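Please look over the sequence and the model before reading the points below.

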Amino acid sequence: PAGKILVSVTGLTNLGAEGLKAYFDAGVGTVIHMHLQEKEVKAAAEWKSGNVIVAGHMSSDSIGLNEIARAWEAAGLEVTAMSGIVR
């Protein structure tokens with residue numbers, strides 16, 4: 001089961017194994033994160049207390065920037081996607 005889902009797509013940062021464990025201990029069932037190392041994913045698998053989804057950098061950028069672009073467009077601004085951002 002997914003349980004409570006946390007989406008963490010913060011750039012240039014990494015939760016680390018301790019951060020993942022803290023979320024799981026606080027009741028989060030699934031963490032979707034942009035940057036995780038293989039050792040952290042393996043540690044989470046050993047705990048068997050939550051799910052981890054590594055979203056990837058470019059897909060995470062597209063998700064976050066699309067939200068911002070929609071808000072700008074709603075405010076009447078014209079937005080042109082570049083640099084790998086998929087709209």
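The model is a predicted one. It holds 3 salt bridges, and its largest nonpolar core has 6 residues.

**Salt bridges**

- One of the salt bridges joins lysine 21 to aspartate 25, with the closest N and O atoms 3.1 Å apart.
- Both lysine 21 and aspartate 25 belong to helix 1, which covers residues 16–25, and they sit 4 residues apart, about one turn of the helix.
- Lysine 21 has a relative accessible area of 31%, so it is partly exposed, while aspartate 25, at 58%, is exposed.
- Another salt bridge links the side chains of glutamate 38 and lysine 42, at 3.1 Å from N to O.
- Helix 2 (residues 38–47) contains both glutamate 38 and lysine 42, again with a spacing of 4 residues, about one turn of the helix.
- Glutamate 38 is exposed, its relative accessible area being 56%.
- In a further salt bridge, the side chains of arginine 70 and glutamate 67 meet at 2.6 Å, N to O.
- Arginine 70 and glutamate 67 are about one helical turn from each other because they are 3 residues apart in helix 3 (residues 57–74).
- Arginine 70 counts as partly exposed at 43% relative accessibility, and glutamate 67 also counts as partly exposed, at 48%.

**Packing of helix 1 and helix 2**

- The axes of helix 1 and helix 2 are 9 Å apart, and the two helices pack at an angle of about 35°.
- The crossing of helix 1 past helix 2 is right-handed.
- Helix 1 brings Gly16, Ala17, Leu20, Lys21 and Phe24 to the contact, and helix 2 brings Glu40, Ala43, Ala44 and Trp47.
- Sorted by type, the residues of this contact between helix 1 and helix 2 are 6 nonpolar, 1 polar and 2 charged.
- Lys21, listed in this contact, is the lysine that forms a salt bridge with aspartate 25.

**The largest nonpolar core**

- Leu20, Phe24, Val28, Val31, Leu36 and Ala44 make up the largest nonpolar core.
- Helix 1 and strand 2 are the elements that give two or more residues to this core.
- Leucine 20 is in contact with Leu15, Val31, Leu36, Glu40, Ala44, Trp47 and Val52, leaving aside neighbours within four places in sequence.
- Among these contacts of leucine 20 are Val31, Leu36 and Ala44, which are also members of the core.

- Threonine 30 lies in strand 2, which runs over residues 28–33.
- With a relative accessibility of 4%, threonine 30 counts as buried, because the cut-off for buried is under 20%.
- Not counting residues up to four places away in sequence, threonine 30 touches Ala2, Lys4, Ile5, Leu6, Asn51 and Ile53.
- Asparagine 66 is placed in helix 3 and is buried, with a relative accessible area of 10%.
- The contacts of asparagine 66 are Val86 and Arg87, not counting residues up to four places away in sequence.
- From asparagine 66 to lysine 4 the separation is 62 residues in sequence and 23 Å in space, C-alpha to C-alpha.
- Lysine 4 is one of the residues that threonine 30 touches.

Terms used:
Residues are numbered from 1 along each chain as its sequence is written. This is a predicted model: local features need pLDDT of at least 70, side-chain atom pairs count only at pLDDT 80 or more; totals for chains, interfaces and linings use all residues. Side-chain values use heavy atoms; hydrogens and water are left out. A salt bridge is a side-chain nitrogen of Lys or Arg within 4 Å of a carboxyl oxygen of Asp or Glu. Buried means under 20% relative accessible area, exposed over 50%, partly exposed in between (1.4 Å probe, protein chains only). Axes are lines fitted to C-alpha atoms, for helices over the stretch in contact, and angles run from 0 to 180 degrees between N-to-C directions. A crossing is left-handed if the near helix is turned anticlockwise from the far one by less than a right angle, and right-handed if clockwise. Contact means heavy atoms within 4.5 Å. Ala, Val, Leu, Ile, Met, Phe, Trp, Tyr, Cys and Pro count as nonpolar, Asp, Glu, Lys and Arg as charged, and the others, Gly among them, as polar. A nonpolar core is a set of buried Ala, Val, Leu, Ile, Met, Phe, Trp, Tyr and Cys residues joined through side-chain atoms within 4.5 Å.
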